[in-house]
Amino acid sequence: MTLQGGTEADTTALIASLAKAMGAQRVLELGVFRGMTTAALAQAAKEVIGVDLHIRSDAVNAVQPYQNVRLIEGEAAEVVRTLDGPFDLVYIDDGHQYADVKEQTDAVWDKVSPGGVVLFHDALSPEDNYGVNRFLNERFPDAIILRTAPFPWTGVTGLGMVQKR
C-alpha cells in the first residue's frame, strides 16, 4: 500500500492492519493532517472520527469516498471531551509536546473500550523536540514501542502501543 501524508506509508499500513485485525468498530484519530491514515482506517473500521485543529482540503478530499468518516475541527482534547465512547482504537498524532500528549491521553482514556488500543506516533522521538517518548516512559512503562521508518524531514520515528485492560 503506497500512501503519502503526515504518517509514513508503512506506519499507516500497520495502523490500518491493526484496526482490521482487532475488528475495531469505532476509531478516533487525533491529528488528521492530509487524511491518509484516516482514509486507510476508513477501510478497516465501521466508524472513524478524525480531529484536527485545522481540517485541510486535502484531508477532506482523501476521506470523501468514505461514508463512515466524520472530520471535526477543533483542539483535540476539547473535542474528545464532547464525544461519546467507547473507541476500540485511538491514534494520537496531534500535539507532540509532553503536555499535549498527556492532555489528549487523559481526555480519551476513559473512552477507550476494555481491550482497546491507544497508538502514539513519534514514540521514539528526541526529547528536545517532542515529549511522546518521555510521556510513554512515565505513564505506560510497559508500552510496546515499534521502531518505524524515520520521517524524511525530521528523522523522528516510532509507534507506541498501549492496550487498556
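Visitor: How many cavities of 30 Å³ or more are there?
Guide: The count comes to one cavity of 30 Å³ or more. A cavity is a set of points on a 1 Å grid over the protein atoms alone where a 1.4 Å probe fits but cannot get out. This is a predicted model, in which local features need pLDDT of at least 70, side-chain atom pairs count only at pLDDT 80 or more, and totals for chains, interfaces and linings use all residues. Residues are numbered from 1 along each chain as its sequence is written, and side-chain values use heavy atoms, with hydrogens and water left out.

Visitor: What volume does the largest cavity have, and which residues line it?
Guide: The volume of the largest cavity is about 40 Å³, taken as the space filled by probe spheres set on the points, which are joined across faces, edges and corners. Its lining consists of Ile92, Asp93, Asp94, Gly95, His96, Val101, Phe120, His121 and Val132; lining residues have an atom within 4 Å of a point.

Visitor: Turning to helices, which residues of α5 are buried?
Guide: Val101, Gln104, Thr105, Ala107, Val108 and Trp109 are buried, meaning under 20% relative accessible area with a 1.4 Å probe, protein chains only. Helices are DSSP runs of H or I with at least four residues, and strands are runs of E with at least two, numbered from the N terminus.

Visitor: What covers those buried residues of α5?
Guide: The cover includes β1, α4, β4, β5, α6 and β7.

Visitor: How does the span of α5 agree with its 12 residues?
Guide: At 1.5 Å a residue, α5 should span 16 Å, and its end C-alpha atoms are 16 Å apart, which agrees. The expected span is 1.5 Å times one less than the number of residues.

Visitor: How many residues are in the largest nonpolar core?
Guide: That core has 27 residues, and Leu28, Val51, Val90, Phe120, Leu136 and Phe140 have the most contacts inside it. A nonpolar core is a set of buried Ala, Val, Leu, Ile, Met, Phe, Trp, Tyr and Cys residues joined through side-chain atoms within 4.5 Å. A second, separate core of 16 residues includes Ile15, Ala19, Ala24 and Val27.

Visitor: What does Leu136 touch?
Guide: Not counting residues up to four places away in sequence, Leu136 touches Phe120, Ala123, Pro141, Ala143, Ile145, Gly160 and Val162. Contact means heavy atoms within 4.5 Å.

Visitor: And overall, how many helices and strands are there?
Guide: The protein has six helices and seven strands, and buried residues make up 53% of its 165 residues.

How values were computed: Buried means under 20% relative accessible area, exposed over 50%, partly exposed in between (1.4 Å probe, protein chains only). On a 1 Å grid over the protein atoms alone, a cavity is a set of points where a 1.4 Å probe fits but cannot get out, and a pocket is an open set with protein on both sides within 12 Å along at least five of seven lines; lining residues have an atom within 4 Å of a point.
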